Amino acid sequence: MTYRFEAGRIYRMPTHFGPAPGPRQPPEGVVRDPKHSHRRLTVAASFLTDATLLERHLPEGFALAGEPVVTVEFHYMTEIDWLAGRGYTMTEVSWPVTFTGRQDKASGRFLAVVWENLADPIITGRGEIGQPKLYAEIAEPRLWDGTQLCTAGWMGFPFLDLTVSELRDTPSSPTKSRSDGTLMLKYVPRTGTWGEAELQQVTLTPANNPDRMVERHQAGVGAVRFHRATWSELPTLHHVVNALAELPIIEPRGGSLTHSRGGKWGRDQRVLV
């Protein structure tokens, strides 16, 4: 007897073994506490760049919002419940945008690319909520001589460096963000008809995340550098890295370090049209 898909359950290939556990679907018997899982150390730096160059990387319906400021974030996460206490590291690149569709409008940050050093969140994040995730070797952020150091690379080639120095404690801002959340373009190619999309949609992760608690926030001086690569150095990533390396750093816009705990994993994801 063949199997049938259960309504309301999340499946991933191979589907033949039943619904798949993951960040948005814990296995039976596992009780989750979103206010305590997980712990996150975020190191971030921003810079002002050229608006014209940045606009080249926006999909149809998107427009820059305000100044063309690119933010690069390293997230080192531990004590993750859906990984039974394990963790991983991720790097995100984003900038502020507005989206205007046939029916919906939204503003927030456009998530241009995410690198992670573990396959499981890459697979689940790409397929389930449309995050543009890729693999990279990303070390745990390292503190040395008062400077937080972050690096990302691929098979021995370091393509990204980020540092934040002169860190000082700053109070958390009571002002609520006007952002609707994180905007992304989900794209799935059509098998056998290359150049056409099986699925292309704009997805939104709402900004509201009441389960996340900031334990400490520090501000400092941030610096970011993407290293240009040849095809042989980054066979599948050089077009991404080089496009980011071409963005001029007109003015650094500071850096930060944040310790937080808890948070959702995109179960309330929306599709905008």
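1. Buried means under 20% relative accessible area, exposed means over 50%, and partly exposed lies in between, with a 1.4 Å probe and protein chains only. By this scale R216 is partly exposed, with a relative accessible area of 39%, whereas D169 is exposed at 53%.

2. The structure is a predicted model, in which local features need pLDDT of at least 70 and side-chain atom pairs count only at pLDDT 80 or more, while totals for chains, interfaces and linings use all residues. Residues are numbered from 1 along each chain as its sequence is written, and side-chain values use heavy atoms, with hydrogens and water left out.

3. The structure holds 18 salt bridges, a salt bridge being a side-chain nitrogen of Lys or Arg within 4 Å of a carboxyl oxygen of Asp or Glu. One of them joins the side chains of D169 and R216 (2.9 Å, N to O), and this pair links distant parts of the chain, 47 residues apart, with D169 in strand β10 (residues 157-169) and R216 in strand β13 (residues 213-226). Strands are DSSP runs of E with at least two residues, numbered from the N terminus.

4. Another salt bridge brings together the side chains of K133 and E116 (3.0 Å, N to O), which lie 17 residues apart, K133 in strand β6 and E116 in strand β5. Here K133 counts as buried at 5% relative accessibility, and E116 is buried at 0%.

5. R190 forms a salt bridge with E196, their closest N and O atoms being 3.1 Å apart; R190 is partly exposed at 30%, and E196 is partly exposed at 37%. Separately, R39, E79, E215 and R261 are linked in a network of salt bridges.

Note on methods: Helices (H or I, at least four residues) and strands (E, at least two) are DSSP runs, numbered from the N terminus.
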